[in-house]
Each structure stands twice: as C-alpha cells, then as structure tokens.
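My notes follow the display.

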Amino acid sequence: GVSGLIVCTGTTAFPTLAWRGGNTPDAVDNLGIVNLLEAWKEARAAEGGLAKRLVLMSSIGVERRKDFPFVILNAAGVLDAKAKGEAAVRAANEDGWLDSYAIVRPGQLIGGPYDNNYYLGTIAKLDRPARSVLQWDDSPRQAVSISPGDNALGDTLRSTVAGVVVSSLMDVSSNSDVAVVNEEGAAPSDGELLEMLVEASA
C-alpha cells in the first residue's frame with residue numbers, strides 16, 4: 001500500500017472555467033483534502049500499516065490571508081480553503097494515524113509546463129517574476145530560498161516546487177511547514193536543496 005503521498009491539487013483563485021463541475025477552491029483545497037485523507041486512513045487501516053508521510057503543496061499567504069496583498073488573492077476564498085485543508089492534515093497527524101507531514105508554500109507559480117489555459121501566467125508563458133517582465137534583466141532567478149512558516153514573498157518556478165516536494169517526502173525526520181521562492185542566482189543541487197529543507201524544518 002501507499003505509505004507516502006504528495007498532494008499538489010488546486011484550482012484558480014478566482015472564478016474561471018476551471019471551476020466547472022464544482023471545482024471551486026473549497027471543493028478542491030478543503031473537501032478534496034478531507035476526502036483524500038479519509039480514503040487513505042481507511043486503506044491504511046485495512047492493510048494494518050501507518051501512513052508515514054504526506055506532503056501538501058499549499059501557498060504563501062494562507063496564514064496572512066487577512067493582510068495585504070493576500071486579502072485580494074483570498075477574495076473568492078482560495079486561501080480560506082487551503083487553510084482548512086492544512087488543518088485537516090495536522091489533525092490527521094494529531095490523531096496518530098499519519099506519522100508526519102510537510103506543508104510546502106510556493107509563491108506565485110511561474111515557468112513551464114504551460115498547460116493551464118485558465119491562468120494568465122501560463123497563457124503568457126511567464127518564466128520569471130511578473131514584476132520583471134518589462135525590465136531589461138536577464139539575470140538567472142533559479143536560486144532557492146526556503147524559510148520556515150509563512151513569511152516569504154516572491155514567485156516560485158514550478159520546477160523548484162517539484163524538487164522541494166519530492167525532497168520533503170524523503171525528509172521524514174519531523175513535521176515541517178516551509179515557504180519556497182526563487183531568487184537571483186543559480187539553481188542548487190539536489191543535495192543542497194535537501195540540506196536547505198532540513199535546516200528550515202529544524
């Protein structure tokens with residue numbers, strides 16, 4: 001059975017065609033997480049094993065959703081829904097059937113793949129922070145900043161998020177809650193990324 005799980009589900013923050021069929025933030029980021037956890041709990045109980053690790057991709061601003069600028073992003077309730085999903089993960093851990101968890105908080109997602117036709121950033125194929133698009137600046141922004149909690153501001157490459165969530169699944173030493181954004185500089189190696197993650201999770 002499955003003892004580790006990475007959850008990267010989500011929908012658009014504001015009403016778009018992506019909400020068709022009931023795919024609202026509350027349905028995806030709250031109820032979807034609750035249902036997933038319940039199904040996993042039942043499966044693990046039937047198999048007699050412990051769910052070892054869950055990694056949830058959430059968002060920066062969830063814990064600051066009443067503050068500017070996140071209050072704007074939360075106008076349709078996306079950060080409220082993510083907060084409920086995070087709470088469900090923590091509750092599973094407190095109940096004892098989920099051994100540990102990691103919450104990974106990226107900033108605005110940039111970079112490929114560009115297959116979400118409901119999001120302006122992917123339609124425009126942004127591969128760098130939106131604020132720098134009109135600037136003559138080709139400096140690489142692949143360095144990674146990982147910090148504990150929800151205190152960061154910035155944008156995050158999808159490739160960076162992928163690396164962080166996989167590393168978070170492998171680091172089962174403790175529960176963790178980290179924010180990840182990209183900065184000017186070269187990308188870290190896999191080993192360096194894991195070291196940064198362990199340090200921020202300590």
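These entries go from the cavities to a helix and then to a strand. I am working from a predicted model.

**Cavities.** The structure has two cavities of 30 Å³ or more. I noted a volume of about 60 Å³ for the largest cavity.

I then listed its lining. Thr9, Asp29, Ile33, Leu56, Met57, Ser58, Lys82 and Gly85 line the largest cavity. Sorted by class, this lining holds three nonpolar, three polar and two charged residues. I also checked which elements supply it. At least two lining residues come from each of α1 (25–47), β2 (51–57) and α3 (78–95).

**Helix α3.** I compared its length with expectation. The 18 residues of α3 should span 26 Å at 1.5 Å a residue, and the end C-alpha atoms lie 26 Å apart, so the two agree.

Next I looked up burial. The buried residues of α3 include Val78, Leu79, Ala81, Ala88, Val89 and Ala92. Lys82 and Gly85 are also buried in α3, and both residues line the largest cavity. Glu86 and Asn93 are on the buried list too. I asked what covers the buried residues of α3. The cover includes α1, β2, α2 (70–73) and β3 (98–106).

**Strand β2.** I turned to this strand last. Six of the seven residues of β2 are buried, so I logged the strand as mostly covered. β2 pairs with β1 (residues 4–7) in the parallel sense, over four bridges. For Ile6, I found Val55 in β2 as the bridge partner.

Conventions:
Residues are numbered from 1 along each chain as its sequence is written. This is a predicted model: local features need pLDDT of at least 70, side-chain atom pairs count only at pLDDT 80 or more; totals for chains, interfaces and linings use all residues. Side-chain values use heavy atoms; hydrogens and water are left out. On a 1 Å grid over the protein atoms alone, a cavity is a set of points where a 1.4 Å probe fits but cannot get out, and a pocket is an open set with protein on both sides within 12 Å along at least five of seven lines; lining residues have an atom within 4 Å of a point. Grid points are joined across faces, edges and corners, and a volume is the space filled by probe spheres set on the points. Ala, Val, Leu, Ile, Met, Phe, Trp, Tyr, Cys and Pro count as nonpolar, Asp, Glu, Lys and Arg as charged, and the others, Gly among them, as polar. The expected span of a helix is 1.5 Å times one less than its number of residues. Buried means under 20% relative accessible area, exposed over 50%, partly exposed in between (1.4 Å probe, protein chains only). Contact means heavy atoms within 4.5 Å. Two strands pair if DSSP finds at least two bridges between them.
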